Amino acid sequence: MESATIRCLDELPIWFDITGCALFEPGCPGLLRQKHYATSRNHSYLWKLGLKGFWLAQDLFSRYRRRMLKLQFYRENQACFSFQLEKDLVRLGRDQDCDLQLQDPFISRLHCVLRNRENRWSLEACSPNGIFVGKDRIPNSCTPLEASTRYRLSRLYSFECLDTKAPPKISRTVLTGKQNTQVLVLEAINEKLRLGQAVIRDAKGFERFISQSSFAIGCHPSNDLVIADETISQFHARIDLSHNTFMLTDLGSTNGCYIDGTKVLRAPLKGEHRIRFGKTEISFRIQEENRKIEDKRQNNFFGLQSKTTKMRKIFSLAEAVAPTEAPVFIQGETGTGKELLAKAIHALSNRSESAFLAINCASLPKELIESELFGHERGAFTGALEAREGAFEAAHLGSLFLDEIGELDLLVQAKLLRALETGEIKRLGSNHSIQTSVRIISATHKNLKQMVQEGKFREDLYYRLHIVPIELPPLRERLEDLEILCQNLFKRLRLNFQLDQEALDSLSDYPFPGNVRELKNILQRAAINYRFENPLANKEEIISLKPENLKFIQDAPALTDSKALAEKRRLQEALEKNHFNQSLTAKELGMAISTLHDRLRRLGVTKKRHQNY
């Protein structure tokens with residue numbers, strides 16, 4: 001004899017089955033009140049349930065009684081995800097209608113089917129590419145599914161069947177605001193984030209946050225929102241958070257999905273909407289929240305080091321937006337650490353276990369960049385001897401860093417915009433769309449806003465990418481970081497050197513057009529020159545470099561007149577804004593007071609009120 005508890009509150013149109021799955025019964029007041037039921041091998045004793053509720057609950061009890069199987073999937077022999085076999089028929093393939101979708105060109109649209117008959121699972125191969133156990137190909141007829149046997153679907157994917165011997169633990173969230181919900185970034189400006197959370201509301205006024213990146217709706221108990229309505233299909237629709245936008249997708253339902261009275265197959269959800277599934281109607285809205293970015297006073301952030309207030313706020317902003325799906329746009333000169341910041345955002349995101357792929361758009365010819373991003377089929381162009389997946393497919397479920405995105409051709413920009421809006425891409429030479437889920441982090445040293453005005457960059461793509469803008473300051477604007485940067489670079493390069501104060505002061509006069517990357521080269525060159533001039537020096541002792549060891553940079557060109565004038569103007573405006581209070585000015589600019597004094601002296605900026613410069 002096994003026992004289970006089904007619980008429901010009269011006040012809520014949601015009740016729980018024994019697996020923790022939330023069930024939604026519109027128009028059925030007072031389902032149950034804390035009743036205890038017993039189940040045997042042959043019977044399910046239920047009380048005060050209508051006919052529809054009886055069969056639904058009996059199906060849940062049968063799920064509870066039987067053994068549950070789980071498929072453990074591997075990508076390139078590395079465990080990537082697991083899938084619980086909760087249905088008696090599971091379709092696996094590349095098509096969107098499959099229960100389990102795998103993005104791999106060598107996976108057929110319907111690759112195989114798993115069937116459960118009297119608690120006996122079988123595997124039926126439906127693909128001309130076949131399914132293999134070791135080097136043996138299994139027949140296309142139904143083959144018994146064996147536990148702990150590795151079934152290879154393609155060069156990338158394989159799976160094993162595991163017997164969990166227990167009911168599945170399905171995590172569902174109901175009517176609470178204290179849980180980790182999926183949020184989208186509406187705006188990031190002036191050290192503030194405007195966030196949005198998706199909320200659904202039923203006809204009785206009860207609300208629920210959407211807490212998953214993919215939220216399934218239907219009458220089958222395995223959905224996230226189960227609606228017991230005869231006009232609802234088993235797997236009716238899905239709400240996804242993709243590229244910082246909530247999307248409603250009809251999963252081939254019988255009676256369709258309607259947004260504000262219009263039937264849709266796939267459409268974005270922005271603002272407030274009335275959504276109808278069959279005869280059941282719910283409301284959808286975005287609940288906004290403002291969050292201030294605070295300085296957490298962390299000087300080291302995934303390899304980026306700084307003690308300035310401006311950089312520390314950038315670290316805090318990156319940490320705040322990392323768990324979201326919002327595209328991040330990084331503006332900065334070469335050598336400021338744009339790729340390091342992109343890797344940090346990926347490491348802190350929910351996609352950290354998947355791939356991070358970096359593409360430099362400026363390093364590839366215009367003829368090849370489209371193939372590099374979206375892939376190509378065999379024979380798509382001269383030299384395409386075999387099919388090849390692009391960056392979007394390789395980075396599926398991960399992050400794609402597009403450096404120097406301003407170098408993209410306008411034609412490629414249009415295809416990139418479509419990939420961002422729908423998640424669909426097409427390989428060169430192919431008519432078939434491939435669904436991908438990739439987070440885009442882009443970067444450039446150019447002024448994209450000016451390029452938009454000149455017609456060199458698409459305006460719609462600019463605003464699609466510019467959700468969370470982050471501007472990395474050049475090294476000449478944070479010279480107070482020189483000391484910790486030099487210490488860290490010497491340590492990373494495994495050089496027993498350090499700079500004395502006079503050497504640091506001489507470096508402060510250098511403009512660093514190559515920023516931190518150039519500083520690294522300068523330190524390496526200084527160390528090599530010292531070893532060459534002093535071959536008998538003890539290599540175990542820490543040697544302090546002096547200004548004469550850096551004399552090779554004294555002949556380097558100083559700041560150009562335009563840059564010097566711009567810097568001079570910036571300092572003068574900051575002084576006037578703070579009523580010539582140098583302490584407040586240094587704090588606003590994120591630099592030490594001594595650094596401000598040095599720049600004011602070097603550039604000839606007047607420190608007194610009511611004087612011109």
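**Surface, fold content and a helix pair**

The protein chain exposes about 31500 Å². Carbon and sulfur atoms supply 48% of this area. The model is predicted. Of the 613 residues in the protein chain, 49% are buried.

The protein chain contains 14 helices and 38 strands. Contacts between residues at least 6 apart in sequence were also examined. Of these, 57% join residues at least 24 apart.

Cysteines were considered next. The disulfide count comes to zero, the criterion being a pair of cysteine sulfur atoms within 2.5 Å. Two cysteines illustrate the accessibility classes. C257 has a relative accessible area of 0% and is therefore buried, the limit for that class being under 20%. C219 stands at 22% relative accessibility, so it counts as partly exposed.

Two packed helices are described by the angle between their axes and the distance between the axes. Helix α9 spans residues 482–492, and helix α11 spans residues 515–533. Their axes come within 10 Å and cross at roughly 60°. This angle makes α9 oblique to α11, because roughly perpendicular begins at 65 degrees. The crossing of α9 and α11 is right-handed.

Key: Residues numbered from 1 in each chain as written. Predicted model: local features only at pLDDT ≥ 70, side-chain atom pairs only at ≥ 80, totals over all residues. Heavy atoms only, no water. Helix = DSSP H or I, 4+ residues; strand = E, 2+ residues; numbered from the N terminus. Buried < 20%, exposed > 50% of the residue type's maximum accessible area, 1.4 Å probe, protein only. Contact = heavy atoms within 4.5 Å. Areas by Shrake-Rupley, 256 points an atom, 1.4 Å probe, with all protein chains shown as cover. Axes fitted to C-alpha atoms, helices over the stretch in contact; angles between N-to-C directions. Parallel < 35°, antiparallel > 145°, perpendicular 65-115°, else oblique. Left-handed = near helix turned anticlockwise from the far one by under 90°.
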